[in-house]
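Please read them alongside the sequence and coordinates.

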Amino acid sequence: MKKKIFLALGIMALAGAAFGFYLFNKPHQSILNDKPDFVVESAAIISEFETNEDAANKKFNGKVIEVAGIVSEKSKDELGKLNITLQGADIAGIGCVFEKAAQSKAATLAEGQQVRIKGICTGILMDVVMVDCVVVESN
Amino acid sequence: MKKVIFAIALLISTSAVFGQKVLTKNGKVHFDATSPNSPEKIDATNDKTMSVIDASTGAIEFALLMKAFSFEKALMQEHFNENYVESDKFPKASFKGTITNMSSIDLKKDGSYPATVKGQMTLHGETKEISATGNITVKGGSITAAKSEFSLMLADYKIEVPSVVKDKVSKEAKITVDLSFQPMAAK
């Protein structure tokens, strides 16, 4: 009986260690299937940031947001990574960095196209910046 | 921090005067704080660094969002944001300074020029005077790229490294800045 308990404990400890190791090494996770915390229009979220940056930081930063807007700029860096900007009401837009798996779909987007992009909000510089983005819908 | 953004906005709004201002919103900043004996790399990249250089004065600024640093491992990123740089409290880092040898950079001659930059670095709510050396590329009459590598002592910015991870996380972070500029559109 004692042996069985030890064995069970041993297995549990191993499983725990394996889980810990898994958590520790867990790669970046895609937000593709995550439900967004906020669904917004590009101009609306920019204006929230411009009106009260601190409040908007608290509300949106680190959260999954889905933004509807028009592609105003598309460029590729030296490494071939895509940068897409969604148009806002004025000079500020929404800068999107795409996750690796979403690059090819993002590459099909064209300037002037209406899209929905989901990403993690990180705050505002000149543009509101989203990282780990995926394309939700394009038409 | 708002002042920095305002200053950048001001730089931009007064841009057209000489047409010597260049801008990027997609600059890259990489840091490496891997301790010499660490079994794994402690590093991350930010692809959304914003920077402006005014070649007429040598003024250079850059700003980035801490949460836009991307790590390979999700947990490392979480610890970085929550325990080390406290991104909720201090969402941005910024640098504001000047290229001290701007006079030796000839905008009329394409090429790569060594540059020294001096100014104020703000990170984790702490501002420190730093200087760094790097390279500036000139093409077609304006600055098209800037690169630099320098180190920051984490303690200078009150970023504490708990003793349990001392053999993984270095006290010093090596920062690599890689910026490709576009001329700023005249308004």
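How many Å separate the centres of domain 1 of chain A and domain 2 of chain A, taken over C-alpha atoms?

1. Basis. This is a predicted model, in which local features need pLDDT of at least 70 and side-chain atom pairs count only at pLDDT 80 or more, while totals for chains, interfaces and linings use all residues. Residues are numbered from 1 along each chain as its sequence is written, and chains are lettered from A and ligands numbered from 1 in the order in which they are written.

2. Domains of chain A. The answer to the opening question is 40 Å, between centres taken over C-alpha atoms. Domain 1 covers 1–29 and domain 2 covers 38–138; such bounds come from an automatic or database domain assignment.

3. Helix α2 of chain A. Helices (H or I, at least four residues) and strands (E, at least two) are DSSP runs, numbered from the N terminus. A residue is buried if 20 or more other C-beta atoms lie within 10 Å of its own, exposed if 12 or fewer, and partly exposed in between, with C-beta atoms placed from the backbone. In α2 (residues 42–51), the buried residues include A:S42, A:A43, A:I45, A:I46 and A:F49. Seen down the axis of α2(A), the buried residues fall within an arc of 165°, so they line one face of the helix; the arc is that of the directions from the helix axis to the C-beta atoms.

4. Interface. Contact means that the C-beta atoms of two residues, placed from the backbone, lie within 7 Å. On this basis 22 residues of chain A are in contact with 18 residues of chain B. Two or more residues each come from α1 (2–25), β4 (94–98), β5 (114–124) and β6 (128–138) of chain A. Of these elements, α1(A) gives the most, with 3 residues.

5. Nonpolar core. A nonpolar core is a set of buried Ala, Val, Leu, Ile, Met, Phe, Trp, Tyr and Cys residues joined through C-beta atoms within 7 Å. The largest has 75 residues, and those with the most contacts inside it are A:C96, A:V128, A:M130, A:C133 and B:I53. β6(A) supplies the largest share of this core, 7 residues. Leaving aside neighbours within four places in sequence, A:C133 has contacts that include A:C96, A:F98 and A:I117.

6. B:K25. This lysine is placed in strand β1 (residues 21–34) of chain B. B:K25 counts as buried because it has 20 C-beta neighbours inside 10 Å. Not counting residues up to four places away in sequence, B:K25 touches A:G95, A:M126, A:D127, B:K48 and B:M50. The C-alpha atoms of B:K25 and B:F181 are separated by 8.6 Å, although the two residues are 156 residues apart along the chain.

7. Strands of chain B. Chain B has 2 helices and 10 strands. Strands pair if DSSP finds at least two bridges between them. β3 (residues 59–65) and β5 (residues 92–99) run antiparallel, joined by 7 bridges, with B:G97 as the bridge partner of B:I60. β5(B) also pairs in the antiparallel sense with β6 (residues 111–123), over 6 bridges. β8 (residues 142–153) has antiparallel pairings with β7 (residues 126–139) over 6 bridges and with β9 (residues 169–180) over 9 bridges. In the hairpin of β7(B) and β8(B), with 2 residues between the strands, B:G140 takes a positive phi near 55°.
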